[in-house]
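Me: Please walk me through this protein, feature by feature. I would like the general idea, then the case at hand.

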Amino acid sequence: MACAAARSPADQDRFICIYPAYLNNKKTIAEGRRIPISKAVENPTATEIQDVCLAVGLNVFLEKNKMYSREWNRDVQYKGRVRVQLKQEDGSLCLVQFPSRKSVMLYAAEMIPKLKTRTQKTGGGDQSLQQGEGSKKGKGKKKK
């Protein structure tokens, strides 16, 4: 206990960890999701979490070779974790809007869909979905 008290909240090993599985709406709570499914994001990556946190002014660093222990899939897209500094050397909050780990996760999940990389991908995806719906209607008419 004395050892933990001697370490500063500003030490990198005292930063909180956020794994992409915490924010993934494809995961169940048992598989590691930590926020409500309505607020979760589809397949977030550690770099996206890092980008969002850096943009708001948090002190973060990415550990690319780390894996979430409950993650059975060892693909590159599931690798990585982000360490985020919540408290400064004196124990005060770095940013008042992020008092807890959950507040950072909810903010990241809210902002990831707004990233340029996500908006460009979804723009093309919406068109293909609309075309797919049109072809489904055509198939339905032929059956009748």
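**Reading the fold**

Reply: Start with helix α3 (residues 101-111): its buried residues are S103, V104, M105, Y107, A108 and A109. Buried means under 20% relative accessible area, exposed over 50%, and partly exposed in between (1.4 Å probe, protein chains only). This is a predicted model: local features need pLDDT of at least 70, side-chain atom pairs count only at pLDDT 80 or more, and totals for chains, interfaces and linings use all residues. Residues are numbered from 1 along each chain as its sequence is written, and side-chain values use heavy atoms, with hydrogens and water left out.

Me: What do the buried residues of α3 pack against?

Reply: First, the general idea. An α-helix has 3.6 residues a turn, so residues three or four places apart point the same way. Here, the buried residues of α3 pack against β1, α2 and β3. Contact means heavy atoms within 4.5 Å.

Me: How many helices and strands does the protein have?

Reply: Four helices and three strands. Helices (H or I, at least four residues) and strands (E, at least two) are DSSP runs, numbered from the N terminus. Along the sequence the pattern reads α-β-α-β-β-α-α. Buried residues make up 34% of the 144 residues. Take contacts between residues at least 6 apart in sequence: 60% of them join residues at least 24 apart.

Me: Is Q50 buried or exposed?

Reply: Q50 counts as buried because its relative accessibility is 17%. Q50 sits in helix α2 (residues 46-56). Leaving out residues up to four places away in sequence, Q50 touches V60, L62 and V82.

**Reading the rings**

Me: How many aromatic pairs are there?

Reply: A pair of aromatic rings is described by the distance of the centres and the angle of the planes. Rings of Phe, Tyr and Trp (its six-membered ring) pair if their centres lie within 6.5 Å; planes under 30 degrees apart count as stacked, over 60 as edge-to-face and the rest as tilted. The count here is five aromatic pairs. One of them joins F15 and F61: the pair is tilted, 5.9 Å centre to centre, with 55° between the planes. F15 lies in the loop between α1 (2-6) and β1 (16-18), and F61 in strand β2 (residues 60-63), so the pair ties together parts 46 residues apart in sequence. Both F15 and F61 are buried.

Me: Which parts does the pair of Y19 and Y68 tie together?

Reply: Take the geometry to begin with. Y19 and Y68 form a tilted pair, 5.0 Å centre to centre, with 45° between the planes. Y19 lies in the loop between β1 and α2 and Y68 in the loop between β2 and β3 (81-84), so the pair ties together parts 49 residues apart in sequence. Y19 counts as buried at 11% relative accessibility, and Y68 does at 6%. Ring pairs link Y19, Y22 and Y68 into a cluster.

Me: Which residues line the largest cavity?

Reply: Rolling a probe the size of a water molecule over the atoms shows where empty space is left. On a 1 Å grid over the protein atoms alone, a cavity is a set of points where a 1.4 Å probe fits but cannot get out; lining residues have an atom within 4 Å of a point. P20, A21, N24, K27, P44, Y68, E71, Q77 and Y78 line the largest cavity.

Methods. On a 1 Å grid over the protein atoms alone, a cavity is a set of points where a 1.4 Å probe fits but cannot get out, and a pocket is an open set with protein on both sides within 12 Å along at least five of seven lines; lining residues have an atom within 4 Å of a point.
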